[in-house]
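Here is a short briefing to read alongside the structure. Take a look at the chains first, then follow the points below.

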Amino acid sequence: MEMFIQTLVAGILIGGVYALIGIGMTLIMGVMRIINLAHGQLMMVAMYITFVLYQFLNIDPYFALLVAPPALFLIGAAIQRYLLNPLIKIESIIPENQVLMTVGIGIVLTETIRFMFSSDYKSVKTSYSTATFNIGAISWNVPMVVAFILAVVLTASLFFFLLKTDVGKSVRATAQNKDAAMIMGINAEWITQLTYGLGAAMAAAGGTLLLPIYYLFPDVGGPFTLKAFIITILGGLGSAVGAIMGGLVLGVAESLGATYISMALKDAIGMVIFLLVLVFLPGGLKQLTKV
Amino acid sequence: MHFFETHRLTKAFGGLIAVNNVTFHVEEGEIYGLIGPNGSGKTTVFNLITAYYPITSGTIRFRGKEMNGLPTWKVCKEGIGRTFQIVKPLARMTVLENVMTSAFCRTSNTAEAREKALEVLQFCEMEKKIDFPAKGLTIGDRKRMEIARALATSPKLLLLDETMAGLTPQEQADGVQLIRKMRNAGITIIIVEHIMHVIMNLCDRILCINYGQEIARGTPAEVANNQNVIEAYLGKE
Amino acid sequence: MKSLYAKIAVLALLAVFPLFVGSDYYRHLVIIALMWVVIGASWNLLAGYTGQVSFGHAIFFGVGAYTAGLCTTQLGISAWWGMLLGGPAAMLVGILIGFICFRLRGAYFALATIAIAEILRLIAIVWRDFTEGMQGILIIQTFRSKVPYYYLALGIAVICMLLIYKIIKSKWGFYFIAIREDQDAAEALGISTFRYKSLSLMVSSFFTGLAGAFYMNYMGFIDPEVVFSLHFISIMAILVSIIGGAGTMWGPSVGAFIMVMLQELFRSSFFGYAPSWVSHAHAMAFGVLVILVIRFMANGVVGDWSKITNLWSKGKPAALVTNGN
């Protein structure tokens, strides 16, 4: 029983960070209607930024939260502006050419980082990386708890932005109906850049929060792209609330799976959930809430 | 038994009832008009008949057979063809290829499909445009091609959804001619249309709906003079 | 007619190629290119013609390859049996995927294919007793000479292209393109979109599986990271088609030769003329190529041929429609 609760706690904590990363992808999915297959790779770039700040300038990873996400916001907006938006005007047989473009971007990001840092494993070993405290019999990993709390704060601020500010409302309007939004005078092209930038920044924040606990290598992005993508599907393609639920479900499922089934199959568990959702619940988890 | 009939046809989208208890029947060889103001549920009726939406309640019978639950493509195989209000050309195919695709509904042989398509295109007076890419056609030609495409499936009943909207007066006159020609060729037609003189000219009987409910039915003259219809279109004084 | 002669000439050239080129290295390149002709054409049938974009053709390639490999390691029979069983095995997986995804509209198919390829890769890694895990499957090749493999690859490619050509010109081809253009319209014309999408996927997965079984027999070695690779199988299949011209009959064949050539140029650092770090950058080159092709040549060498020739002779308007010629 204790082990079960311990596993559950670990799952929920990591799930909060997953949710943060997943919301980034969901946002992009909602506005641009594309799956961003460079999502994990953008996160990986942010992790390397954080790593460099720590390694060479001795800047604490949590302070890097003020650097890496804004940097990724700019990179993301530039990607949208110079690589994704121009594709809208090109007529091609394959409708998914924007998705394919993100695959290309993902490869280039990974290889650029490999070129600069080699394939070696890196890590950010802070004084608190392995710190824990106990509540009852359950031990809590300090960086994970901090990551969870910060993820919740960031998610809440994103919701505030989307629900309460004019720009946020424009983003939501564009997600609901792009043509109508444009008629209402919303500059959709600008909104897409903002959205992709925001999505990348959310991924960046997630990556930075994970860094004190995770190993870092150029290929770390791929699995996270898949996780973000599973979360998006779980949440029901474009629902931010759904993505939070999806992130938590994935975190808990992975954690339980790693403890009770097999560590090696941890990554496959998400995929299996994904397939089950696809077969039995194509609208995602939010389909359960509104019958 | 009627050639085609709906009985208490109803469609609800969540709380909104788009089609409410609509009952009507069409006899073989008729041209039947379905009219009503914008958003009154006419196209929804077509989408129910051709199974784009599942029916909430009620039944549809065609030549004695209950059609409820058949998928769209089987409805077509049963002999009900349709056009779309917003035309759906197969854009990167030529006119001939578009019509051949639908001719394959009744044959698997390419030569036969081509022959059928050419025949239909000639019937619709489009034989000069067979090699045009569909996406380059004028709106008039697109609508005509869509009729040709529906005809190539050899329908017994044809549902025409605003085939005259956006056409020039000359094209409209040609369209009326074409619809008459189709009826003479033995095809029963249900027509949704906004252009009144077209409806009044063509139809044997008319059903007028508003907010998804029947408000009048009868011959064109009867419906045109019906107080409910005038109010629905022009508003109450 | 002119184009028919051109095709016969190309085929004749390919048929006599090993007689004049004795180098195993060049023979190997053409064999791999012919394999990619098959995979590219299969992907193109499903995505370019039917509009169902697969991001996971490695599923079928890997299942075909593992079927052949497992024939030897598990059943103790020759991996050549895989040439019979690999296609049907991949097709079976295809039918299952189609059954799940083709009922749903939207991007579900594209998404599911990525996930399923990933699941199969992980299974192949983890289930060591059955698949040998990361160690991969090693068999002894039947022939030392490349020539038998060459003609086998050529035979498969020719049969595959002929069959797909037949399909495209038949009722199925019309139905596939109709589904790509507009699913609602297609249903109204009496087309069961579910059935025809599944048929397209069946043909596509069959030939990709066959190519996988061939790969096992030819290379004598497979492992999960190679045959279930997202980049070097699934995305490569897409690139081969797109660079040649998705939705055109011969585009993927052209694309296969271009892509294999480009990959080899980078892998070999332009045959040693470029500095050696270039060979480490071949994954990078691959990514850059994806971006460039999609940005500037979305319809490929064949589809954008008029655009390419226009670079030299400006002025003529591009042809409007190029359907399956």
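D166(A) and Q176(A) are exposed, and they sit on the face of α6(A) turned away from the buried side of that helix. This is a predicted model, so please read each point below with that in mind.

**Helix α6 of chain A**
- The buried residues in α6(A), which spans residues 166–176, are S170(A), V171(A), T174(A) and A175(A).
- These residues lie on the same side of α6(A) because they cover an arc of only 140° around the axis.
- Among the elements that cover the buried residues of α6(A) are α1, α5 (142–164), α7 (178–183) and α8 (188–210) of chain A.

**I21 of chain A**
- Helix α1 of chain A, residues 2–32, contains I21(A).
- Why does I21(A) count as buried? I21(A) has 30 other C-beta atoms within 10 Å, and the cut-off for a buried residue is 20 or more.
- Beyond its neighbours within four places in sequence, I21(A) makes contact with M43(A), M202(A), A203(A), G206(A), F224(A) and A228(A).
- G247(A) is 226 residues from I21(A) in sequence, yet their C-alpha atoms are 8.3 Å apart in space.

**How the chains meet**
- On the chain A side, 33 residues are in contact with 32 residues of chain C.
- The elements of chain A that each give two or more residues to this side are α3 (68–88), α4 (97–117), α9 (221–235) and α11 (266–280).
- Of these, α4(A) gives the most, with 10 residues.
- By class, the side of chain A that touches chain C has 27 nonpolar, 3 polar and 3 charged residues.
- Chain B also touches chain C, with 24 residues of chain B in contact with 20 residues of chain C.
- At least two residues each on the chain B side come from α2 (72–78) and α3 (95–103) of chain B.
- The side of chain B that touches chain C divides into 9 nonpolar, 9 polar and 6 charged residues.
- Chains A and B are not joined by any contact, and their closest C-alpha atoms lie 9 Å apart.

**The sheet of chain B**
- An open sheet of 4 strands runs in the order β2-β1-β4-β5 in chain B, with antiparallel pairing.
- The edges are held by β2 (16–26) and β5 (65–66) of chain B; each has a single partner strand, so one side of each has no neighbour in the sheet.
- Within the sheet, β1 (residues 4–13) and β4 (residues 57–62) of chain B run antiparallel and are joined by 5 bridges.
- Opposite T6(B) stands I60(B), a residue of β4(B).
- Helix α1 of chain B, residues 42–49, packs on the sheet and touches β1, β2 and β4 of chain B. The direction of this helix makes about 70° with that of β2(B).

**Confidence in chain B**
- Chain B has a mean pLDDT of 91, with 99% of its residues at 70 or more.
- Where in chain B is confidence lowest, and where is it highest? The lowest mean, 83, belongs to helix α9 (residues 227–234) of chain B, while the highest, 95, is found in α3(B).

Terms used: Residues are numbered from 1 along each chain as its sequence is written. Chains are lettered from A and ligands numbered from 1 in the order in which they are written. This is a predicted model: local features need pLDDT of at least 70, side-chain atom pairs count only at pLDDT 80 or more; totals for chains, interfaces and linings use all residues. Two residues are in contact if their C-beta atoms, placed from the backbone, lie within 7 Å. Ala, Val, Leu, Ile, Met, Phe, Trp, Tyr, Cys and Pro count as nonpolar, Asp, Glu, Lys and Arg as charged, and the others, Gly among them, as polar. A residue is buried if 20 or more other C-beta atoms lie within 10 Å of its own, exposed if 12 or fewer, and partly exposed in between; C-beta atoms are placed from the backbone. pLDDT is the predictor's confidence in each residue, from 0 to 100. The arc is that of the directions from the helix axis to the C-beta atoms. Two strands pair if DSSP finds at least two bridges between them. Axes are lines fitted to C-alpha atoms, for helices over the stretch in contact, and angles run from 0 to 180 degrees between N-to-C directions.
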